[in-house]
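Here is a quick tour of a model, written for someone who likes to see the cut-offs alongside the values. Have the viewer open while you read.

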Amino acid sequence: MPPPPPPLGRGRKRAAHAFDAALDDAELAAARTALAQGRWQTARSLLARTGDDWDCRGHRVTVLAQEPYCAPWTRDWLLAEPDSADAAVLLALALVRRALRGKEKPVRARESCHSAAALAPADPTPWLGLLMLECSLGAEEEVHRLFAEVRARYADHHHAHHLMVARLAERRPGVGPDPFHEVYDFAGAAAEQAPADSPLAILPVIAHTERYRVLAAAGHEPRDTAASGHWTGRRARQVMRAAFDWWLEWEQEGHPRRLVDLNFLAHAKVCEGRSAEAAALFHRIGEHVTPSPWSYPDRDPYPAFRAARATALGTT
C-alpha cells in the first residue's frame, strides 16, 4: 500500500530557507503538492502540457521526483496507465533520487530509466536520469556516453551540460589552478556551438565556479572568495563580462532553469567585486535562491546569499 499523505506542516522549516527546486514554476509547485497527497493526476496533466519542451520537461520531472512519496504514488499511476511514458520517466527519476540517497539499489534505478527510454525513444529525460546517477556513481567513460545519449535527443540540454561541467571540474584536483583545464574547453565549446539565444552562453561561468569549488576544497584556493585570485584574473574577467553582456541582450524570461544561471552569475559578480552588476541580478532572482553556488566551498548557502545580496543592494 502507498504511504499516507504527509502531515500538512511537513517541510515548513526548510521552506523558511527558500530552497525550492521548483524555482518560480507555480504549476510545478502545485503539482508537487498534489503528488505529495497522492493526487498524481495533477502531475499527469502538467507533464502532458509540457510536451517536448525538453528543458522544461527535464526540470519538472526532476523536481517532482524529489518528492519523498513520488515513487509509490507514481506506481499507482502506472497501475492505472501501464503504457504511460510520463509515469515511467517520473518513476525512473524518483528511483534515481532514491539511489543517490542510498535508499534504492542503483541497478533498479538504471533498469527503470531504460524502461522509460524504451517507451519514449525521443525523450532525453530518462537519459538525464542515468547521467545524474553515473555522474555520482559511474566511470568517466559511461558519463560521457550518457551525455552523448542526451545530446543526440536534444543538443542544448541545459541540465545535462551543468552536470557535465560539475563532473569535469572534479578531474585532476591536485594540479591546482590551470587555465587550460578541460572543463574550460568543454564549457567554451558548448557556449560557442549553441544558438545565440541559448542560456548555455553562461556555461563558462558555471565552469569557472565549479572549478573554484574543487580547488578550494583541495586547498589550492582560499575558502574566502574575496581573497581568491580565481575571480580577478584576465580570463575570469573575460568570461564574466561575456556572460553578463549575453544576459543583458538575451535574458531568457521563460527558460525553466534561468534562475539557476542567475544565481551562478550573481555569485560570480559578487566574487569579482562588481556590486552594481550583481545588484541587477539579485533584483531578478528575488527570493529564488539555489544552494549552489552559494554553498561553495563549504558555506551555509542561505546566509551567504542574504549577505551577498544585502551588500550588493546596499541594505546592510
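First, the ground rules. This is a predicted model, where local features need pLDDT of at least 70, side-chain atom pairs count only at pLDDT 80 or more, and totals for chains, interfaces and linings use all residues. Residues are numbered from 1 along each chain as its sequence is written, and side-chain values use heavy atoms, with hydrogens and water left out.

**The core**

The largest nonpolar core holds 92 residues, and Leu64, Leu131 and Phe282 have the most contacts inside it. A core here is a set of buried Ala, Val, Leu, Ile, Met, Phe, Trp, Tyr and Cys residues joined through side-chain atoms within 4.5 Å. Buried means under 20% relative accessible area, exposed over 50%, and partly exposed in between (1.4 Å probe, protein chains only). Helix α6 (residues 85-100) is the top contributor to this core, with eleven residues. Helices are DSSP runs (H or I, at least four residues), numbered from the N terminus.

Which residues does Leu64 touch? Leaving out residues up to four places away in sequence, its partners are Leu28, Ala31, Arg32, Leu35, Ala43, Leu46, Leu47, Cys70 and Leu90. Contact means heavy atoms within 4.5 Å.

**Two helix pairs**

Axes are lines fitted to C-alpha atoms over the stretch in contact, and angles run from 0 to 180 degrees between N-to-C directions.

| Helix pair | Angle | Axis distance |
|---|---|---|
| α3 (residues 40-50) and α5 (residues 70-80) | about 70° | 10 Å |
| α8 (residues 125-137) and α9 (residues 140-153) | about 160° | 9 Å |

The angle of about 70° between α3 and α5 makes α3 roughly perpendicular to α5, a label for angles of 65 to 115 degrees. From α3, Trp40, Ala43, Arg44 and Leu47 meet Trp73, Asp76, Trp77 and Ala80 of α5. That contact splits into six nonpolar, no polar and two charged residues. In this scheme Ala, Val, Leu, Ile, Met, Phe, Trp, Tyr, Cys and Pro are nonpolar, Asp, Glu, Lys and Arg are charged, and the others, Gly among them, are polar.

For α8 and α9, the angle is about 160°, so α8 is roughly antiparallel to α9 (angles over 145 degrees). Residues on the α8 side include Trp127, Leu130 and Leu131, with Val143, Leu146 and Phe147 among those on the α9 side. This contact divides into nine nonpolar, no polar and five charged residues.

**Two buried residues**

Leu131 sits in α8 and counts as buried because its relative accessibility is 0%. Beyond four places in sequence, Leu131 touches Val143, Leu146, Phe147, Ala160, Leu163 and Met164.

Arg167 belongs to helix α10 (residues 158-169). Is Arg167 buried or exposed? Arg167 is buried, with a relative accessible area of 15%. Its contacts, again skipping residues up to four places away, are Glu134, Cys135, Ser136, Gly138, Ala139, Glu140 and Val143.

Most residues other than glycine have a negative phi, and most peptide bonds are trans. Leu23 is not a glycine, yet has a positive phi of about 60°. Leu23 lies in the loop between α1 (12-16) and α2 (26-36) and is buried at 7% relative accessible area.

Cis peptide bonds turn up too. One joins Ser292 and Pro293, with omega about 10°, and Pro293 is in helix α16 (residues 291-294). Another joins Tyr296 and Pro297, with omega about -5°, and Pro297 is in the loop between α16 and α17 (301-313).

Note on methods:
Parallel < 35°, antiparallel > 145°, perpendicular 65-115°, else oblique.
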